[in-house]
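Here is a brief report on one model. It covers a strand, the nonpolar cores and a sheet.

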Amino acid sequence: MFRNKVPFLFLFAALHLLILKESSAQGPKYIKTIIVDAGHGGKDMGATGQYENSLRSKEKEITLAIALKLVEELKKQMPDVKIVPTRTTDIYQTPTEKAKIANEYRGDLFLCIHADSGPLKQGKRQIGERTVTRYKTTYTGKGKKRKKVRKPYEVTEPVYEYFKIPLTRSGTSVWIFAAHKTSDKLKAIMDGDENFEIETGGLDSTETTFDFRSPEGRTIAAIYAKRYQERSDRLATLVNEEVENTGRQALGVNQRQVGIWVLQATNMPAILIETGFINNPEDEIYINSEKGQQELAVAITKAVQRYKAQVESANNSGKPVIAAIDKNQPAASPEFEKRTVKDTKTIQVKNSQVKVDLYDDGEIDNDIVSVYFNKQQIVNKRSLTATAHSFTLTVEPGKYNELVLFADNLGSLPPNTALMVITDGTNRHEVRLSADLKNNASIQFELKNNN
Ligand SMILES: [Zn+2]
């Protein structure tokens with residue numbers, strides 16, 4: 001849901017415009033430039049290894065080593081894409097400088113590499129004993145002769161040593177900017193690019209440079225911000241899956257409310273990868289090792305390749321994704337068939353039984369939806385609320401398993417946005433889908449072999 005101070009009429013007009021000209025509203029058609037940011041640098045060390053017997057590593061060095069490997073791997077696998085590192089040496093850059101580099105190179109994607117940390121608890125252990133002299137005060141005599149006497153005695157007490165306990169938490173997590181906190185993203189879009197062309201001519205194909213500072217422009221910038229958020233989410237989900245494929249603990253896709261300003265200040269989809277916990281012994285070794293660094297670079301590259309293929313194939317065909325569905329399934333409603341699928345996400349699952357909890361995403365505004373799975377209706381005109389509507393899907397191997405969200409109305413705050421929480425055994429995915437009266441949204445489920 002949009003939270004916007006712009007009058008509703010503008011929002012509605014802008015949505016119409018974007019519906020008419022979907023290709024322009026989808027942002028860049030091709031992934032041509034990718035910005036890789038090694039977090040921190042120079043005087044900004046980032047987190048440091050601090051637990052007892054830690055390698056005392058510095059986050060700024062780990063991020064640089066991984067980022068450089070990622071740059072090489074991306075260049076190798078995608079020779080036609082321009083890969084731009086924000087830094088290749090140990091230099092300090094403010095978040096503003098990092099964001100500026102990304103915006104100036106007109107990146108189509110912004111990847112930030114970091115390492116995680118957390119507060120360390122202090123432990124103590126006994127390392128010996130020592131003898132100390134103490135005094136006991138007694139009194140002798142009575143009345144005026146009463147006297148205070150201090151008698152020494154010896155006691156043995158333990159000697160302790162204090163140390164920092166390593167973190168037990170480990171794994172790789174992926175972060176995107178919080179959905180409701182789009183103001184910096186809006187600013188980046190509005191400041192970013194005078195040549196940001198979108199088609200505003202309605203049904204003819206006249207292209208004009210658009211003024212993002214006008215009220216309508218602000219609204220469209222809000223829609224771009226939302227799109228970037230959805231795309232960031234899609235890429236983040238793929239990175240999480242590829243990390244999981246390495247056998248490493250993947251902690252999922254998260255939205256941070258504060259502190260990833262640089263993600264919000266770039267005029268492009270952006271993700272931040274916390275590669276591992278610098279204060280967890282196994283993780284610290286892993287993210288310092290050639291093998292670990294290379295494995296992460298390869299996993300992130302695979303995710304970027306899958307993302308690029310998805311974005312570009314959607315741009316190229318312009319055909320409704322529904323056309324690819326198995327024709328043997330009973331047909332869905334004619335209304336359903338008429339709409340194209342615009343917002344598509346892919347999820348790999350390990351279990352054939354997958355639970356889905358369906359909610360309204362954001363403000364509850366009477367969104368009514370239907371849901372189809374492999375063209376069969378499984379939810380019929382249901383109001384989305386903050387309480388889950390749950391159902392289970394049977395995902396078949398080697399088959400195109402598609403869940404489609406169909407908007408029966410737009411609610412009072414268009415478009416119609418649903419949050420689906422998908423539970424696959426112990427894995428949990430949060431997917432946000434957005435549909436309107438011309439476009440469906442979908443999730444494609446791929447069943448992964450369990451061997
Ligand atoms: Zn960091």
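Why is strand β6 (residues 172-177) largely enclosed by the rest of the structure? 6 of its 6 residues are buried, so β6 is largely enclosed. Buried means that 20 or more other C-beta atoms, placed from the backbone, lie within 10 Å of the residue's own.

## Basis

This is a predicted model: local features need pLDDT of at least 70, side-chain atom pairs count only at pLDDT 80 or more, and totals for chains, interfaces and linings use all residues. Residues are numbered from 1 along each chain as its sequence is written.

## Strand β6

Thr172, Val174 and Ile176 point one way from β6. Ser173, Trp175 and Phe177 point the other way. Strands are DSSP runs of E, at least two residues, and helices are runs of H or I, at least four, numbered from the N terminus.

β6 runs antiparallel to strand β10 (residues 270-277), joined by 3 bridges. Ser173 stands opposite Glu274 in β10.

## Nonpolar cores

A nonpolar core is a set of buried Ala, Val, Leu, Ile, Met, Phe, Trp, Tyr and Cys residues joined through C-beta atoms within 7 Å. The largest has 63 residues. Leu111, Val239, Ile271 and Ile300 have the most contacts inside it. Helix α6 (residues 215-245) gives the largest share, 10 residues. Apart from this core lies another, of 27 residues, including Tyr372 and Phe406.

## Open sheet

5 strands form an open sheet with mixed pairing, in the order β11-β19-β16-β13-β14. Strands pair if DSSP finds at least two bridges between them. The edge strands are β11 (340-349) and β14 (376-383).

β13 (residues 368-373) and β16 (residues 401-407) pair antiparallel over 5 bridges. Tyr372 stands opposite Val404 in β16.

How values were computed
Buried ≥ 20, exposed ≤ 12 C-beta atoms within 10 Å, placed from the backbone.
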